[in-house]
Amino acid sequence: MAQEMVTKADPADPMLEGLRDLASDWSADQEVFKSVHWGKAMMWIFLLSDTFIFSCFLTSYMTMRASVTEAWPNASEVFALTIAGNSIPLILIAIMTFVLISSSGTMAMAVNFGYRRDRRKTAALMFATALLGATFVGMQAFEWTKLIHEGVRPWGNPMGAAQFGASFFMITGFHGLHVSAGVIMLLIVASKVLRGHYDRSGDYSAVEIAGLYWHFVDLVWVFIFAFFYLW
Amino acid sequence: MNHATTPEIPADATVHEAGAHAGGQQHPIGVYLKVWGYLFVLSAMSYMVDYFQVQGIMRWVLIITFMLLKAGLIVAIFMHMAWERMALVYAILVPPLCLTTLVALMLIESDYTLWTRILFLDWGG
């Protein structure tokens, strides 16, 4: 019966073919994620759970911001920096965004060179990624220091709604923690690449798995940038 | 969402696709450089929204559009979702849709809280 349905479907339609694969993969009495490295599947599932954690933070931020009667502090002014006498709005956050996106670019290329078995280029690009990540965390530390000096606390601030501080420290703090953990993980994997660990095992998947985590950190920043800093 | 925003994959990428699952993802380096460029441009444009103080509906439309385009590019190309099997793609991308329910519920709740504060708690202060 099932065989009949399969033959009836138009084989030229990639969507139908994909759906057929989807149904047979999930209904097959064996592994679901065929030819996907187990570590990669597990990293994706971890990232899915992490998506829910960050979404909870961003949703509670939305709830707080939508329910306060006081004015929400203007992020454009709060995060402005005075450079050469001119106050430029949100400039630090913009630079942080570019740093993180660049680190994602170098990571994507590291994964590519990893699968080409180019040990030196892979390690170099991963160290560059880690360096950009560390720069990001450093700039975040600067930002925290600046805001704490200006009197922003989790329970209140001089600029407006008291909930601003709680959202800011919670969301950027948790993201910064992820970046820091990512930098450590990148350094470990990169040094293993350099020592030829993955050439001996013949499997460079660890680089791609580390890359997945790193890109996710960048992905979360895209949402934080849009909802917390630009909104 | 990344299905809609997935940029076209160069023809030679499909050659690698068969081998992509066996020996890992293998795509021409140009794809990554191009996406990197797109992400830079999109980030610059979303910063411009703030710099030129675009306000009102236009601000939210632009912010959300740039955000979704960037997220789509990162997930589809950098995280290789565009080349993964459908079983994995759906297992990862469908569950987060539940979050729209949470967001909708909390929007209603926050509206209720806001009006409670205004009407019964003397504007919350």
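**A predicted pair of chains, A and B**

Helices (H or I, at least four residues) and strands (E, at least two) are DSSP runs, numbered from the N terminus. The model is predicted, so local features need pLDDT of at least 70 and side-chain atom pairs count only at pLDDT 80 or more, while totals for chains, interfaces and linings use all residues. Residues are numbered from 1 along each chain as its sequence is written, and chains are lettered from A and ligands numbered from 1 in the order in which they are written.

The UniProt record (unreviewed entry) gives the feature "transmembrane region" for residues 35–53, 60–81 and 87–108 of chain B. UniProt positions follow the numbering used here, feature names are shortened, and annotations may be inferred rather than shown by experiment. For residues 87–108 of chain B, the end C-alpha atoms lie 34 Å apart, with 77% helix and 0% strand.

Turn now to chain A. It contains nine helices and two strands, in the order α-α-α-α-β-β-α-α-α-α-α along the sequence. Chain A is more spread out than a compact globule, because its radius of gyration is 22 Å, well over the 17 Å that the globule rule gives for 231 residues. This radius is taken over C-alpha atoms, and the globule rule is 2.2 Å times the number of residues to the power 0.38. Along the principal axes, the C-alpha atoms of chain A fill a box of roughly 70 × 45 × 25 Å.

The two chains touch: 47 residues of chain A are in contact with 48 residues of chain B. Two residues are in contact if their C-beta atoms, placed from the backbone, lie within 7 Å. On the chain B side, α6(B) gives the most, with twelve residues. That side has 31 nonpolar, eleven polar and six charged residues. Ala, Val, Leu, Ile, Met, Phe, Trp, Tyr, Cys and Pro count as nonpolar, Asp, Glu, Lys and Arg as charged, and the others, Gly among them, as polar.

One helix pair joins the chains. Helix α9 (residues 205–230) of chain A packs against α4(B) at an angle of about 175°, with the axes 10 Å apart. That makes the two helices, α9(A) and α4(B), roughly antiparallel (angles over 145 degrees). Among the residues making this contact are A:L219 and A:F223 of α9(A) and B:M67 and B:I74 of α4(B).

Note on methods
Axes are lines fitted to C-alpha atoms, for helices over the stretch in contact, and angles run from 0 to 180 degrees between N-to-C directions. Angles under 35 degrees count as roughly parallel, over 145 as roughly antiparallel, 65 to 115 as roughly perpendicular and the rest as oblique.
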